Amino acid sequence: MREVKIVATGSYVPEKILTNDKLSEVIDTNDEWIKSRTGISKRRVSINENTSDIATKAAMDAIYKSDIKVEDLDLIIVGTATPDCYTPSTACIVQKNIGAVNATCFDISAACSGFIYAVNIACEFIKTGSAKKALVIGAEVLSKILDWNDRGTCVLFGDGAGAAILSSSDKSGIMAIYTGSDGSGENLLKCNAASLGINNNSLSIMLNKDKYEENNFLTMEGREIFKFAVRIIEESIKKLLEMSKLNMDDIDYIIPHQANLRIIDFVSRKLNIDKNKFFVNLQDYGNTSAASIPIALNEMSRKGLLKKGDRILMVGFGGGLTWGGAIVKW
Ligand code: UT7
């Protein structure tokens, strides 16, 4: 069996910044509530780029930083809950955009756990020899499926994309990885058939309630998801440490799915883990679902926070219900 390592990361977020104060001008909310309940100050929203556009930019960022030619990529997987359309896959559109003509391409649907799921699948392809170099992307334009009149959800999310290139290696980079699901929680975080085209972006029509079809946007049982999140992050951390035969002292950083600072604080207290071990950037981007972990990983790399040999534990959770995590040696 071959081993797998991450050779490059990339990310892209849309230019438009939507602050809590700006949101407060159009819905009944305020900066104090959002910050104290979630830690979020602002988020990025896409005005005219769809998921494949931002996924392509994140992919190119990763490719530029690697010594890999696009023709060498033999697998592209996009984790997304907000594809451009029902078919073709966002991964196929990215393939066309970057010219990765030798890649097999598909999307996977695992909501906020999408990146970890996609990395897990890519690892299996590489370990079995079915692929040598894989591009894994988490990308979301959540603004197009949010109900901008629902203050309980729209303040939480943001748009963005993150990417990683995985390659076979002699030494292990990905030390442990696992995923899990529980479909009995299907209704806790759900989106029925919302329109996926960027021109229908509900943000741009948020004041025109006539255009809303109530059941076509993302809905969430916030408190239930909160309880699930803290339970499953704890479970995932313990499982990953057991799988890799490491303990928390061996871990340099934890990159949790960037959903809510209170969830992270809760886990840090419960497991008695130094808060500084958790990388947090949700204050700037909100919850970008499948993109949150790769955006964070790339930001850490860009800021020079990661040294060779550092061990990073990533853990995600989301709709489905789904969850998963990985320990990566940098
Ligand atoms: O990727 C996974 C995605 N999801 C998550 O991780 C979400 C997990 N859950 C959460 O983060 C929290 O449950 C929320 C941040 C969503 C909500 O926080 P909460 O402390 O559970 O608040 P709540 O829903 O119980 O609402 C408390 C109050 C309510 O008012 P009343 O009934 O007490 O008068 C809400 O109407 O806060 C009100 N409220 C707001 N007020 C101002 C809800 N949203 C807002 C808002 N601005 N945006």
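Mentor: About 3,200 Å² is buried between domain 1 and domain 2, and carbon and sulfur atoms give 62% of that area; buried area here is the accessible area (1.4 Å probe) that two parts lose on being put together, summed over both. Of the area that domain 1 buries against domain 2, C112, I116 and Y117 supply 20%, more than any other three residues. The model is predicted: local features need pLDDT of at least 70, side-chain atom pairs count only at pLDDT 80 or more, and totals for chains, interfaces and linings use all residues. Residues are numbered from 1 along each chain as its sequence is written, and side-chain values use heavy atoms, with hydrogens and water left out.

Domain 1 spans 3-171, while domain 2 consists of 176-185 + 218-329, with bounds from an automatic or database domain assignment. Their centres, taken over C-alpha atoms, are 16 Å apart. In all, 44 residues of domain 1 are in contact with 40 residues of domain 2, contact meaning heavy atoms within 4.5 Å.

The rule finds one salt bridge across this interface, a salt bridge being a side-chain nitrogen of Lys or Arg within 4 Å of a carboxyl oxygen of Asp or Glu. K42 forms a salt bridge with D284, and their closest N and O atoms are 3.6 Å apart.
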